[in-house]
Amino acid sequence: MGFRLSLAILLAWALAALFGPLLPLAPNQIELAQILTPPSGSELLGYDDLGRPLLDRLLVGARISFSVAFGVVLIAGSFGVVVGTLSGYFGGLFDLLIMRIIDIFLAFPGILLAIALAGVMGPGIDNLVIALSVVGWVGYARLARSQVLSLKQRDHITAAIALGSSEWIIVTRHLLPLIAAPLIIEATFGIASMVIAEAGLSFLGLGVQPPDASWGSMIRDGARYMLVAPHMVMVPGFAIMLIVFSLNLLGDRLRDKLDVRSNRTE
Amino acid sequence: MTINLLLSRLISALLVIFGVICLVFLLLHMVPGDPVEVMLGESARPADRAALRLALGLDRPILEQLFSYLNGLLHFDLGQSLHSRQPITELLMQRLPATLELTGAALAIAVITALPLGVMAALYQGKKQDSGAMLFSLLGISIPNFWLGPMLILLFSLWLGWTPVSGRDAPGALILPAITLGTALAAILARMVRSTLLEVLHEDYIRTAQAKGLARSQVIWRHALGNAWLPIITLLGLQLGALLDGAVITETIFDWPGLGSLLVESIQKRDYPAVQGCVLLISVTYVVVNMLTDLLYSWVDPRIRIGET
């Protein structure tokens, strides 16, 4: 029912992120006469406490949230998949070591560690991506490992070994394609949680620095003017909620379609 | 519960705690970025930098630093706050009760809303009640707490004037932070209660219970949910991490004087020993609670008392 709508929302998000720089946006342009103007037909989404247009800031923020979320999932995901696959495929001492490291990472409240890391490294988008990736690879590694473990006794692997295929071929041709589905589902939910994480860290002042806009920092700025200008908090909040809702819906759909039971509990 | 089981769990938990401590220390010291430079600014004189480096012990090899940190930990000495000069253990102990109170209340709210919601969804599977509950659940997962919090403040504190805006002293101050923190957990939990219940509702023993004429409510709450406790406890243990993550932001929104807001304040003041102490205490709490969950688990389900087989 709402599935098409959420696909449209995600598409709009991607388009805003990819083509935003081509638009004549003025996210930092100050219109003193418009300070705290609420949304209306002519003013679109209204203006913030400094008289900057919220629509422009929202679109610039879309680019930040999109690139951080995809960037982290790409970095953490590929690192995690490589480590997890190798660990599951080769086993032995390496696997034991990796499992211990994964256990210890899982013993952390993840975002907490990311907050501390980003805090120590100093604010900034690149540090934020590093902090979230350092924490985020573990889930993918564990998933890839358990998938590889359950697959590597299959007949087609044995056949490939018997035929003398190299390990590289076995892993890339015969294992990775089979574990792609659960990983894609995990990544979909991963992007959703990274959108929240980026906004959360920016809310705490650890992401983009003023005057640049991120959805999280827009909420933080708006919280001070909530009584007089609630739109400053509502606009970016709705954006985050719509994106995350759509991603979660998409993830649910994919899981039903691809018929993968999440084996998160081992 | 056998002593053997208890002992082996305890030892593995201690090992994990040790690993957590080392990891926190090494990660915070090895990430790019120089704390001295961040603390003093780029224009600081080299002599000042060297003095601060010496004072923080950052001039020594990293393993030596780790070792002396661990040594201090054995005496519950986490160093001194750079900002207030207070011992960090003292600082942490002042803030711990507020965080425990908040997470406890959030947990209670989550369980109280999720159980009836999940049961309703399962009983009316595919009907309006079900889709309503699942929509709530999807919304609950999708609303970030740093947005839900301000919205609740706007509605209940500013417009209706029912609850205080922030702080911990006024009566009713706990309500909004606890709702803010508990909503996501309630959403996840409701989904799980629903799916667990759906799995058992068609089992023979449920039919037997119905056949012998038990009241519907008794069949649901005693017989069906009786088997759902295990996954619920597991989920709660695992989700506690998310709850502690969320506490950092929730406490910041509401000025709740707990460990999370201490962490954020310490980051803003560049008080690294305090940052490290906060992360350490929260992670260790998480490990300890997970261990307790594990033990509770084996107490609830006799089959899991490994030591007795």
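## Exercises on a predicted two-chain model

About 720 Å³ of space lies in the second largest pocket. The structure you are looking at is a predicted model. Let us begin with this pocket and then move on to the chains, a cavity and some backbone angles.

### Exercise 1: The lining of a pocket

Task: Find which residues come closest to the centre of the second largest pocket, and which element gives the most to its lining.

Solution. 
- Step 1. Start with the residues. The lining is made of 30 residues, and those closest to the pocket centre are His29(B), Leu56(B), Leu58(B), Pro273(B) and Gln276(B).
- Step 2. Now look for the elements. Two or more lining residues come from each of these helices of chain B: H1 (3-30), H2 (35-40), H3 (46-56), H4 (62-74) and H13 (272-300).
- Step 3. Pick out the main contributor. H4(B) gives the most, with 5 residues.

### Exercise 2: A tyrosine in helix H4

Task: Is Tyr69(B) buried or exposed, and which residues does it touch beyond four places in sequence?

Solution. 
- Step 1. Locate the residue. Tyr69(B) sits in helix H4 of chain B, the helix that gives the most residues to the lining of the second largest pocket.
- Step 2. Check its accessibility. Tyr69(B) has a relative accessibility of 12%, so it counts as buried; the cut-off for buried is under 20%.
- Step 3. List the partners. Leaving out residues up to four places away in sequence, Tyr69(B) touches Phe25(B), Leu78(B), Gln276(B), Gly277(B) and Leu280(B).

### Exercise 3: Two positive phi angles

Task: Where in chain B are Phe76(B) and Asp255(B), and what makes their phi angles worth a look?

Solution. 
- Step 1. Recall the general rule. Most residues other than glycine have a negative phi.
- Step 2. Take Phe76(B). Its phi is positive, about 55 degrees, although Phe76(B) is not a glycine. Phe76(B) lies in the loop between H4 and helix H5 (88-123) of chain B.
- Step 3. Take Asp255(B). Here too phi is positive, near 55 degrees, in a residue other than glycine. Asp255(B) belongs to the loop between helix H11 (229-254) and helix H12 (259-268) of chain B.
- Step 4. Phe76(B) has 65% relative accessibility and counts as exposed. Asp255(B) is exposed as well, with a relative accessible area of 55%. The cut-off for exposed is over 50%.

### Exercise 4: A cavity and a cis bond in chain A

Task: Which residues line the largest cavity, and where is the cis peptide bond from Pro210(A) to Pro211(A) placed?

Solution. 
- Step 1. Count the cavities. The structure has 1 cavity of 30 Å³ or more, and the largest cavity holds about 40 Å³ of space.
- Step 2. Name the lining. It consists of Asp48(A), Asp49(A), Arg52(A), Leu54(A), Arg57(A), Met218(A), Asp221(A) and Met232(A).
- Step 3. Turn to the backbone. Most peptide bonds are trans. The bond from Pro210(A) to Pro211(A) is cis, with omega near 5 degrees.
- Step 4. Pro211(A) is in the loop between helix H7 (167-203) and H8 of chain A.

### Exercise 5: The two chains side by side

Task: Describe chain A and chain B by their elements, box, burial and charges.

Solution. 
- Step 1. Count the elements. Chain A has 9 helices and 0 strands, while chain B has 13 helices and 0 strands.
- Step 2. Read off the boxes. Along the principal axes, the C-alpha atoms fill roughly 75 × 45 × 30 Å in chain A and roughly 85 × 60 × 35 Å in chain B.
- Step 3. Look at burial. In chain A, 54% of the 266 residues are buried; in chain B, 46% of the 309 residues are.
- Step 4. Chain A exposes about 12,100 Å², with carbon and sulfur atoms supplying 67% of it. For chain B the area is about 15,200 Å², and carbon and sulfur atoms supply 64%.
- Step 5. Finish with the charges. Chain A carries 17 positive and 18 negative side chains, and the centres of these sets are 7 Å apart. Chain B has 20 positive and 22 negative charges, whose mean positions are 10 Å apart.

Definitions and conventions:
Residues are numbered from 1 along each chain as its sequence is written. Chains are lettered from A and ligands numbered from 1 in the order in which they are written. This is a predicted model: local features need pLDDT of at least 70, side-chain atom pairs count only at pLDDT 80 or more; totals for chains, interfaces and linings use all residues. Side-chain values use heavy atoms; hydrogens and water are left out. Helices (H or I, at least four residues) and strands (E, at least two) are DSSP runs, numbered from the N terminus. Buried means under 20% relative accessible area, exposed over 50%, partly exposed in between (1.4 Å probe, protein chains only). Accessible areas come from the Shrake-Rupley method with a 1.4 Å probe; for residues, only the protein chains shown count as cover. Lys and Arg count as positive and Asp and Glu as negative; His and the chain ends are not counted. The place of a charge is taken as NZ of Lys, CZ of Arg, CG of Asp or CD of Glu. On a 1 Å grid over the protein atoms alone, a cavity is a set of points where a 1.4 Å probe fits but cannot get out, and a pocket is an open set with protein on both sides within 12 Å along at least five of seven lines; lining residues have an atom within 4 Å of a point. Grid points are joined across faces, edges and corners, and a volume is the space filled by probe spheres set on the points. Contact means heavy atoms within 4.5 Å.
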